[in-house]
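Subject: Structure for you to look at

Hello,

Here is the structure I promised to pass on. Please open it, then read my notes below.

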Amino acid sequence: MSVTVEIDPNSGFCFGVVTAIRKAEEVLDSCGTLYCLGDIVHNSDEVERLRSRGLVTITHAELERLHDVKVLLRAHGEPPSTYETARRNNIEIIDATCPVVLRLQQRIKSTYDSGADNQIVIYGKNGHAEVNGLVGQTNGEAIVAENIEDLAKVDFSRGISLYSQTTKSPEGLRLMIEEIDRRKTPATKFEHFDTICRQVSGRSASLREFAAAHSVVLFVSGAKSSNGKVLCAECHSVNPHTHLIANPDGIEPQWLEGADSIGICGATSTPRWLMEDVKARVLTLLDQQCISKRTK
């Protein structure tokens, strides 16, 4: 029996990540060495590929000790304090902040600088690089709510301005809005903004369709990718035979047994070349299983 193996044409890097990697490669081609503040993308295989070309991943503490070098700011964005450190240490910034994230930073800063008494609430993951950059626009005063329970930190008798991390799910934001509406006092001013990236959220529907069309789905994503966890869950919701893997080594041969079609897809942080490697590994395993059946 012939087994179809297909890579989802809509999976892979979002434009923000594409831009960040292109900028990194341009500098590496001309200089040979470039520092990057945090992993350039939440995919260890892609990070290792660029490390072999001269990209050095650093922490914020290490940034403080660097002088007279070039440092790339990844698509997630950074708080104002990072730019201040760069100016102080004569560091040339290669700014690859995603335009969607940059606009969100500017909107939050505008709300904060307006002098209104509104509490700024960010629906997002505590400690995530993008969220750190957003909170930095408010001098650290914004409230981060990962879930409904975190709304306990909000004073519902005061004004509330709700924003969302760009990679959160629209459904999660809707539930957050409904809960704040339910808890606030009638006189409380509440404004909310859908700041989710449509290139990311728009993948959910197409991924569900792709996952439903295959008997087995291999979702390729790095362990650090929040977007990967969300999108893999979307696949699993329509196809329980969805398996999350980081690279070809994560494939269990028994997953493929009896499958007539295998779909390979990934997060916005998953490089196309890695999905191609997964496909090659799947084809090798299928060949081995076919040979094994013929020799029994």
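Start with the contacts in the chain. Take those between residues at least 6 apart in sequence: 72% of them join residues at least 24 apart. Keep in mind that this is a predicted model.

Now the chain as a whole. Its secondary structure comes to eleven helices and twelve strands. The C-alpha trace spans about 75 × 55 × 25 Å along its principal axes. There are 296 residues, and 51% of them are buried. The accessible surface is about 13,900 Å². Carbon and sulfur atoms account for 51% of that surface.

Next, charge. The chain carries 33 positive side chains and 39 negative ones. The centres of these two sets lie 1 Å apart.

Then zoom in on one residue, N89. Where does N89 sit? Look in the loop between helix 4 (80-88) and strand 5 (92-95). Is N89 buried or exposed? N89 counts as buried because its relative accessible area is 6%, and the cut-off for buried is under 20%.

What does N89 touch? Leave out residues up to four places away in sequence, and the list is L63, E64, R65, L66, H67 and D68. The side chain of N89 reaches the backbone oxygen of L66 at 3.0 Å.

To find this spot, select N89 and L66 together.

Best wishes

Methods: Residues are numbered from 1 along each chain as its sequence is written. This is a predicted model: local features need pLDDT of at least 70, side-chain atom pairs count only at pLDDT 80 or more; totals for chains, interfaces and linings use all residues. Side-chain values use heavy atoms; hydrogens and water are left out. Helices (H or I, at least four residues) and strands (E, at least two) are DSSP runs, numbered from the N terminus. Buried means under 20% relative accessible area, exposed over 50%, partly exposed in between (1.4 Å probe, protein chains only). A polar contact is a pair of N or O atoms within 3.5 Å; within protein, one must be able to donate a hydrogen and the other to accept it, and residues adjacent in sequence count only if both atoms are side-chain atoms. Contact means heavy atoms within 4.5 Å. Accessible areas come from the Shrake-Rupley method with a 1.4 Å probe; for residues, only the protein chains shown count as cover. Lys and Arg count as positive and Asp and Glu as negative; His and the chain ends are not counted. The place of a charge is taken as NZ of Lys, CZ of Arg, CG of Asp or CD of Glu.
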